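Look at the sequence and the 3D structure shown here. Then read on for a short tour of the fold.

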Amino acid sequence: MEHRFGTHIVRFEEDIGYIQFVGDLTPADLSALLGIVDDIIAQHRRYGAIIDARQMGAVSPATRRFLSEWKGSQYCYGNAVFGQGFALRVSMMMAMRAVQLFTGRSFPVAFFNTETESKSWLQTRRRALVI
């Protein structure tokens, strides 16, 4: 099922989310997305995400802070991002590092040129899990 949050879209197939960011990501947008992810975690006890960042805008410090306070990150086995530019990659890495700093847990993320590469990496991480 596809969900819209702000200008962004997410759909889940079992525990894998396909997220398309379009424009800036606000704390309200992120809150809506994380509510959906929380539902997936309740069902599957884990999640991974393939993130299409080709049309993604800015991620504000307030949005990064909101993400760093989210408790669901401990259930993430991977975030595979494709289509991002250098500035966005730096911003996303800052957000992921904030999560790691505040939670003390790994929040795995990797960056790729294509969706195919992203899917391959995430599927490999998913198969390696024993939960």
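This report covers the sheet, a helix, a loop residue and a pocket.

The model is predicted: local features need pLDDT of at least 70, side-chain atom pairs count only at pLDDT 80 or more, and totals for chains, interfaces and linings use all residues. Residues are numbered from 1 along each chain as its sequence is written, and side-chain values use heavy atoms, with hydrogens and water left out.

**The sheet**

Begin with the strands. Helices (H or I, at least four residues) and strands (E, at least two) are DSSP runs, numbered from the N terminus. Two strands pair if DSSP finds at least two bridges between them. Strands of a sheet pair through backbone hydrogen bonds, either parallel or antiparallel.

Six strands form an open sheet in the order 1-2-3-4-5-6, with mixed pairing. Strand 1 (2–5) and strand 6 (109–112) are the edges; each has a single partner strand, so one side of each lacks a neighbour in the sheet. From one strand to the next, the twist averages 20°.

Two of the pairings are set out here.

| Strands | Sense | Bridges | One partner pair |
|---|---|---|---|
| Strand 3 and strand 4 | parallel | eight | I19 and I51 |

Strand 1 and strand 2 also make a hairpin, with two residues between them. G6 sits in that turn and has a positive phi of about 65°.

**A helix and a loop residue**

Helix 4 (residues 115–127) lies across strand 3, strand 4, strand 5 (76–82) and strand 6. Its angle to strand 5 is about 170°. Axes are lines fitted to C-alpha atoms, for helices over the stretch in contact (heavy atoms within 4.5 Å). Angles run from 0 to 180 degrees between N-to-C directions.

F107 lies in the loop between helix 3 (86–103) and strand 6. Is F107 buried or exposed? F107 counts as buried, because its relative accessibility is 3%. Buried means under 20% relative accessible area, exposed over 50%, and partly exposed in between (1.4 Å probe, protein chains only).

**The largest pocket**

A pocket is an open set of points on a 1 Å grid where a 1.4 Å probe fits, with protein on both sides within 12 Å along at least five of seven lines; lining residues have an atom within 4 Å of a point. The largest pocket has a volume of about 180 Å³. Its lining residues include I9, Y18, D52 and F82. Strand 2 (8–13), strand 3 (16–25) and strand 4 (47–59) each supply at least two lining residues.

Key
Grid points are joined across faces, edges and corners, and a volume is the space filled by probe spheres set on the points.
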